[in-house]
Amino acid sequence: MANIMVRKNAAGGLVFYLPKRDIEDNITSIEFDAPDKWGGEIKLANGGVYYIEPIPAPARLPISVRAKRMDGVE
Amino acid sequence: MTELTRESAQALIEEVLEVYPEKAKKDRAKHLMVNDKEITQSKKCITSNRKSLPGVMTQRGCAYAGSKGVVWGPIKDIIDISHGPVGCGAYSRGGRRNYFAGTSGVDSFCDINFTSDFQEKDIVFGGDKKLAKLIDELEMLFPLSKGISVQSECPVGLIGDDIEAVAKKKAAEIGKTIVPVRCEGFRGVSQSLGHHIANDAVRDWIISNRDDQPFESTPYDVAILGDYNIGGDAWASRILLEEMGLRVVAQWSGDGTLTEMENTPKVKLNLLHCYRSMNYIARHMEEKYSIPWLEYNFFGPSKIVESLREIASHFDEKIQEGAERVIAKYKPAMDAVIAKYKPRLQGKKVMLYVGGLRPRHTVGAYEDLGMEVIGAGYEFAHNDDYDRTIKEMKDATLIYDDVTGYEFEEFVRQLKPDLIGSGIKEKYAFHKMGVPFRQLHSWDYSGPYHGFDGFAVFARDMDMTVNNPVWSMFKAPWNEADKTEGDALKAA
């Protein structure tokens with residue numbers, strides 16, 4: 001488990017940031033993206049896959065959440 | 001050296017790596033790459049932020065250097081105690097030339113070394129009592145200080161002193177902010193972790209201090225993050241922002257004050273110059289206070305113009321007009337600088353090895369002068385820095401992470417650049433090799449280099465170094481046979 005931060009970039013896409021390892025990358029897909037359920041498996045442009053426990057969609061980004069690394073580099 | 005192609009650059013890297021033992025060679029190979037603009041992910045081709053190999057000459061600093069020397073040191077009205085043995089503070093004092101406006105020892109304390117001077121008995125019995133006494137003495141001698149930070153040196157972490165408890169107790173007693181910073185030198189692989197620790201300390205102890213206090217804000221409030229006012233850099237940046245109509249609330253941390261930092265959460269936009277050392281606090285403020293942040297680059301007119309427009313795009317027409325006005329105002333002066341120096345510097349090749357932001361940020365400034373950066377590297381960058389660097393650099397240029405003394409010298413021997421920009425540790429080695437060199441950590445006792453005014457100084461300094469007649473007076477040893485060129489230069 002690691003603390004990560006999800007933020008929006010200028011283009012409106014989601015960006016994943018893992019402070020401990022300074023990994024910053026675009027999120028290519030997120031499993032749940034509905035107002036009442038947000039999170040699940042997220043896939044990164046670098047091939048990494050992380051899992052966020054689904055929560056109601058955050059009122060605003062960025063948000064810090066706990067994430068589990070499922071697959072991919074590092 | 002003829003034009004570097006990808007194959008020849010790769011061959012050069014392999015040739016340089018040849019001398020290492022098998023294991024070291026494998027490790028070092030991961031830190032060297034030939035730039036390929038196609039790559040969007042630097043981690044596929046370069047490894048960074050890893051422990052340096054034992055036995056090689058690395059140029060890195062420690063966490064204490066990153067925290068006290070870089071982030072905390074320039075804040076002028078905070079007294080930074082170097083808590084531990086006397087050397088760390090004494091030998092790092094005043095090296096970075098963070099200018100400030102104030103009276104040293106009265107209301108500004110950047111250039112004084114405060115230390116608890118650990119002795120054997122402090123290691124054996126703990127230094128907490130000494131720290132408490134030291135804070136009392138500081139309060140008596142320097143009553144106008146606004147706060148104190150306790151910068152831990154290695155032994156404090158090793159013996160397990162509770163500096164947080166002392167800080168809390170004393171802060172309540174004297175009624176000032178006292179920040180314990182756990183930046184012991186042994187933490188992490190380079191000064192980079194020190195930046196992070198320092199940012200976290202600011203986040204925990206300073207940033208929310210004035211959350212519920214009134215503040216007269218304007219829609220044009222911005223803060224400059226990651227500008228350490230080396231040789232007056234932050235001032236050269238600040239006037240441009242103010243001229244375009246913005247109000248600079250805080251400077252982090254060059255010529256900055258504690259109050260400015262506490263007021264930063266009230267700004268509308270954070271402007272981030274040194275990404276590496278201050279992105280942490282910018283990200284925190286984005287999450288907690290919804291303040292967007294923006295990386296900008298104030299080196300060289302083309303990048304400054306780009307950055308000013310980008311900054312202005314976050315505000316209304318008034319600021320956008322202001323930005324255009326500022327650009328138009330300085331254009332003739334910048335054209336004159338380029339007209340004067342470009343013919344003298346055209347086509348010269350530069351190799352850079354610095355830290356933080358310079359290897360990528362100064363590329364634009366060199367290109368404005370017609371120079372070409374053929375190699376760049378960072379002491380302590382992470383992969384997100386290299387992601388940004390790859391875009392700035394030309395194809396088939398060298399990129400080297402935490403380059404060792406041997407590798408750097410070998411690259412220079414082979415590529416024969418006309419100018420090297422690096423630190424004081426490399427300076428005299430390259431002087432002796434007869435290569436023009438500028439110490440780019442603190443601008444070689446010159447500056448400022450940021451902003452339009454800074455570019456004029458930058459161009460002058462580069463010309464002064466590259467075209468200095470002294471370089472033709474002695475020959476580098478490997479050129480000894482080639483007399484004709486040297487004689488021709490002497491005759492001229």
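A residue is buried if 20 or more other C-beta atoms lie within 10 Å of its own, exposed if 12 or fewer, and partly exposed in between, with C-beta atoms placed from the backbone. With 27 C-beta neighbours inside 10 Å, B:Asp402 therefore counts as buried.

This is a predicted model, in which local features need pLDDT of at least 70, side-chain atom pairs count only at pLDDT 80 or more, and totals for chains, interfaces and linings use all residues. Residues are numbered from 1 along each chain as its sequence is written, while chains are lettered from A and ligands numbered from 1 in the order in which they are written. Helices (H or I, at least four residues) and strands (E, at least two) are DSSP runs, numbered from the N terminus.

**Helix α20 of chain B and its partners**

- Axes here are lines fitted to C-alpha atoms, for helices over the stretch in contact, and angles run from 0 to 180 degrees between N-to-C directions.
- Helix α14 (residues 317–345) and helix α20 (residues 451–466), both of chain B, have axes that come within 10 Å and cross at roughly 10 degrees. That angle makes α14(B) roughly parallel to α20(B).
- Angles under 35 degrees count as roughly parallel, over 145 as roughly antiparallel, 65 to 115 as roughly perpendicular and the rest as oblique.
- On the α14(B) side, the contact is made by B:Tyr330, B:Ala333, B:Met334, B:Val337, B:Tyr341, B:Arg344 and B:Leu345. On the α20(B) side, B:Phe452, B:Phe455, B:Ala456, B:Ala459, B:Met462, B:Asp463 and B:Val466 take part.
- Two residues are in contact if their C-beta atoms, placed from the backbone, lie within 7 Å.
- Twelve residues of the contact of α14(B) with α20(B) are nonpolar, none is polar and two are charged. Ala, Val, Leu, Ile, Met, Phe, Trp, Tyr, Cys and Pro count as nonpolar, Asp, Glu, Lys and Arg as charged, and the others, Gly among them, as polar.
- Helix α10 (residues 233–243) of chain B also meets α20(B): the axes come within 7 Å and cross at roughly 135 degrees. The two helices are therefore oblique to each other.
- Here B:Asp233, B:Ala236, B:Ser237 and B:Leu240 of α10(B) meet B:Gly451, B:Phe452, B:Asp453 and B:Gly454 of α20(B). Three of the residues in this contact are nonpolar, three polar and two charged.

**Where the chains meet**

- Eleven residues of chain B are in contact with eleven residues of chain A.
- On the chain B side, α12 (275–289) and α17 (383–392) each supply at least two residues. The most come from α12(B), with four residues.
- That side of chain B has one nonpolar residue, five polar and five charged.

**Cores**

- A nonpolar core is a set of buried Ala, Val, Leu, Ile, Met, Phe, Trp, Tyr and Cys residues joined through C-beta atoms within 7 Å.
- The largest nonpolar core has 131 residues, of which B:Val150, B:Ala223, B:Leu225 and B:Met244 touch the most other members. α14(B) gives the most to this core, with eight residues.
- Apart from it lies another core, of nine residues, among them A:Ile4, A:Met5, A:Leu44 and A:Ala67.
- Leaving out residues up to four places away in sequence, B:Val150 touches B:Ile81, B:His83, B:Leu131, B:Ile163, B:Ala167, B:Ile178, B:Val179, B:Pro180 and B:Val181.

**Helix α9 of chain B**

- Buried residues in α9(B) include B:Gly194, B:His195, B:His196, B:Ile197 and B:Ala198.
- Their cover includes α3 (63–72), β5 (177–181), α11 (258–263) and α12 of chain B.

**Loops and backbone details**

- A cis peptide bond joins A:Leu61 and A:Pro62, with omega about 0 degrees. A:Pro62 lies in the loop between β5 (49–55) and β6 (63–71) of chain A.
- A:Arg60 is in the loop between β5 and β6 of chain A. A:Arg60 is exposed, with 8 other C-beta atoms within 10 Å.
- The peptide bond from B:Gly447 to B:Pro448 is cis too, with omega near -5 degrees. B:Pro448 sits in the loop between β14 (437–439) and α20 of chain B.
- B:Asp444 lies in the loop between β14 and α20 of chain B. Its phi is positive, about 50 degrees, although B:Asp444 is not a glycine. With 17 C-beta neighbours inside 10 Å, B:Asp444 counts as partly exposed.
- B:Asp402 has phi near 45 degrees, a positive value in a residue other than glycine. B:Asp402 is found in the loop between β12 (398–401) and α18 (405–415) of chain B.
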